[in-house]
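This report describes a few parts of one protein model. Look at the structure below, then read on.

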Amino acid sequence: MKNPLIGALAALGVVLGVGLPSGAHAAVPFDCRTLDFGIYWYGLGNASQKAVPGVYNPYFNAAKPTVIYVHGWQKDGVLNGKRETFNYAENDPTYGVNVNMADAWINAGWNIGIFYWNQFADEPEVKNAETKIWTGTGPQAMRWRQCDGTYTTTGAPTVSAAQLFYNAITANMANFSGPHLRIVGHSLGSQMAHRTSIMLSDNVVAGRINSRLQPTRVALMDPFWSKDGKTYLGGRWTGEVAREQINTLKTRGVIFERYKSSNINDLFIGDSNLPLTTMIGQTELIPQWIPNTNQGARHVAAYNMYFRSFAYSAPVECFDTSTGGYSCTGTAASAKTTDVRTQEMMNSSYTWYQSAGMSTEVPSDNMFWRQAR
């Protein structure tokens, strides 16, 4: 039965993982008359080219450190004929700034890409898109949306979206020799990130794929898991399975970071997954330049703030001292924060809350207060 609360939230413009506040139009036009999914590598100036096995791509070098972003729910996004990019203003024309965030990564010697699964993720209800992450044979199978708003299974795969992400990585990065592989998932895309990461890691452990394809670091940006048990998970919640997968990946050395920027998990359909916070910590972003009434835009801010932060020094961490004062000599979380420090934060007993820079979208003035979990 259709959940009326989800429909009401969508009508109010509360967007869970679409990557677009209500009414926004992202860039990268594509032909929505045909099914298109996969990794697109980005170059300077927000240029991009799809990764195709065996075809030269000027925006990818197998020896470079690599970051891949995967989006979440894309309700009605196909009707616009456009998709997210690394330009914040195109992802959110109301509150975003016209900055090509990939440029800093590229200039620092990184490959940077997006895995698009938007035609599968464009479902009326978020749970239908969520199901496709875990199984290709759910109630909606792997149907995809066309330009006219209708759905079809013509040419659709029979495997899950996470399997498609895994296949894209292993097919296009088989000879990867770079020193770092980072996967960044936003909202529902966070489930894509941790599920694909465990698939990569399991196959590395089994000796079936290149060992460099085990992710170095996984960033969960304002992640979303729905409540209640799922038949395709044997009655378990998606957040419960997430903790199992993340715990296994942690034991294999994978570094996790989690950021919160909105209240999407406080809207009765989301699972706040608090036990995960005790496992990997959390950094709470407070984008006050966006009205608190626009949780959709605050939700979108998370991954845009993250990718933009790479162009700046890691933010300052402040904390109480044993003498009753405070110190601001530490380093908090961002895309620029080192792996060593991010892993240290993951394994600590603290959570971080933004304490400065909330009124501007510029990362350079951000500071975070450290508190016990």
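## Basis of the report

Contact means heavy atoms within 4.5 Å. This is a predicted model, in which local features need pLDDT of at least 70, side-chain atom pairs count only at pLDDT 80 or more, and totals for chains, interfaces and linings use all residues. Residues are numbered from 1 along each chain as its sequence is written, and side-chain values use heavy atoms, with hydrogens and water left out.

## Gln-119

Gln-119 lies in helix H5 (residues 118-121); helices (H or I, at least four residues) are DSSP runs, numbered from the N terminus. Gln-119 is buried, with a relative accessible area of 0%, where buried means under 20% relative accessible area (1.4 Å probe, protein chains only).

Leaving aside residues up to four places away in sequence, Gln-119 touches Phe-30, Cys-32, Thr-34, Leu-35, Asp-36, Val-78, Arg-143, Trp-144 and Arg-145.

## Helix H7

Helix H7 covers residues 161-172 and has 12 residues. Of these 12 residues, 9 are buried, including Leu-164, Phe-165 and Tyr-166.

## Helices H8 and H9

The axes of H8 (residues 189-205) and H9 (residues 238-251) come within 10 Å and cross at roughly 40°. Axes are lines fitted to C-alpha atoms, for helices over the stretch in contact, and angles run from 0 to 180 degrees between N-to-C directions. H8 and H9 are therefore oblique to each other; oblique is what remains after angles under 35 degrees (roughly parallel), over 145 (roughly antiparallel) and 65 to 115 (roughly perpendicular).

In H8, the residues that meet H9 include His-194 and Ile-198. Among their partners in H9 are Ala-242 and Ile-246.

Terms used: Helices (H or I, at least four residues) and strands (E, at least two) are DSSP runs, numbered from the N terminus. The expected span of a helix is 1.5 Å times one less than its number of residues. Buried means under 20% relative accessible area, exposed over 50%, partly exposed in between (1.4 Å probe, protein chains only).
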